[in-house]
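Please look through the sequence and the model below before reading on. The paragraphs that follow start with the surface and end with single residues.

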Amino acid sequence: MERLIKKQSIAEEQEEFIADFNAFGDWMMQYQCLLELTADMKKMSEDEKNDNTLIAGCQAKLWVSTQYRDGLVYVKADSEALIVKGIVAVIVALFDERTPEEIVESRIDFIERTAIREQISTDRFQGMQTVIRRIRDFALEC
């Protein structure tokens, strides 16, 4: 089923996010932006938060759920840590309701191109890369 209204490409949405996010300049404003993005996330049920959706190795619990239907990949996520939840909200916004091909062909590097990279630990950065890989791997299977 094709969309009636085309979204911007993943690359276009990522570029827009980077420009808007970097325009804040101040980390506290950027942090507030990430927190506000979590309000737009689809809620995960407690049943969806299980060992299969848990991202191993993260400091705080982080869950990512993926589904494939009608030719699109659907992504949900949640975390106990607000900063992680905010970063994952960006990843979900970029990948949710996309074709597997769009996801596989995308290059997600907003973390490295914003102050986020300087504000999070190497472990958290690796955790975000794991989330991106998990979604990409799921898209490959579709």
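The accessible surface of the protein is about 8100 Å², and 49% of that area belongs to carbon and sulfur atoms. Areas of this kind come from the Shrake-Rupley method with a 1.4 Å probe, and for residues only the protein chains shown count as cover. The model is a predicted one, in which local features need pLDDT of at least 70 and side-chain atom pairs count only at pLDDT 80 or more, while totals for chains, interfaces and linings use all residues. Residues are numbered from 1 along each chain as its sequence is written, and side-chain values use heavy atoms, with hydrogens and water left out.

Of the 142 residues, 44% count as buried; buried means under 20% relative accessible area, exposed means over 50%, and partly exposed is in between (1.4 Å probe, protein chains only).

The secondary structure consists of six helices and two strands. Helices (H or I, at least four residues) and strands (E, at least two) are DSSP runs numbered from the N terminus. Along the sequence their order is α-α-β-β-α-α-α-α. The radius of gyration is 15 Å, close to the 14 Å that the globule rule gives for 142 residues, so the protein is as compact as a globular protein of that length. This radius is taken over C-alpha atoms, and the rule is 2.2 Å times the number of residues to the power 0.38. The C-alpha trace spans about 40 × 35 × 25 Å along its principal axes. Among contacts (heavy atoms within 4.5 Å) with a separation of 6 or more, 64% are between residues 24 or more positions apart.

Next come the charges. The protein has 18 positive and 27 negative side chains, and the centres of the two sets lie 2 Å apart. Lys and Arg count as positive and Asp and Glu as negative, without His and the chain ends; each charge is placed at NZ of Lys, CZ of Arg, CG of Asp or CD of Glu. Side chains of opposite charge can pair when their charged atoms come close. The structure holds eleven salt bridges, each defined as a side-chain nitrogen of Lys or Arg within 4 Å of a carboxyl oxygen of Asp or Glu.

In one of them, arginine 98 meets glutamate 13 at 3.1 Å, N to O. Arginine 98 is in the loop between α3 (82-95) and α4 (100-105), and glutamate 13 is in helix α1 (residues 10-24), so the pair links distant parts of the chain, 85 residues apart. Both residues are buried.

The salt bridge of glutamate 97 with lysine 42 has an N to O distance of 3.5 Å. Glutamate 97 lies in the loop between α3 and α4 and lysine 42 in the loop between α2 (27-37) and β1 (62-69), so this pair ties together parts that are 55 residues apart in sequence. Glutamate 97 is partly exposed at 30% relative accessibility, as is lysine 42 at 37%.

Glutamate 46 pairs with lysine 49, their closest N and O atoms being 3.5 Å apart. Glutamate 46 is exposed, with a relative accessible area of 60%. Elsewhere, salt bridges with shared partners join Glu15, Arg107, Asp109 and Arg113 into one network.

Two further residues remain. Threonine 38, in the loop between α2 and β1, is buried at 13% relative accessibility. Leaving aside residues up to four places away in sequence, threonine 38 touches Lys85, Gly86 and Ala89. Glutamine 67 lies in strand β1 and is partly exposed at 42% relative accessibility.
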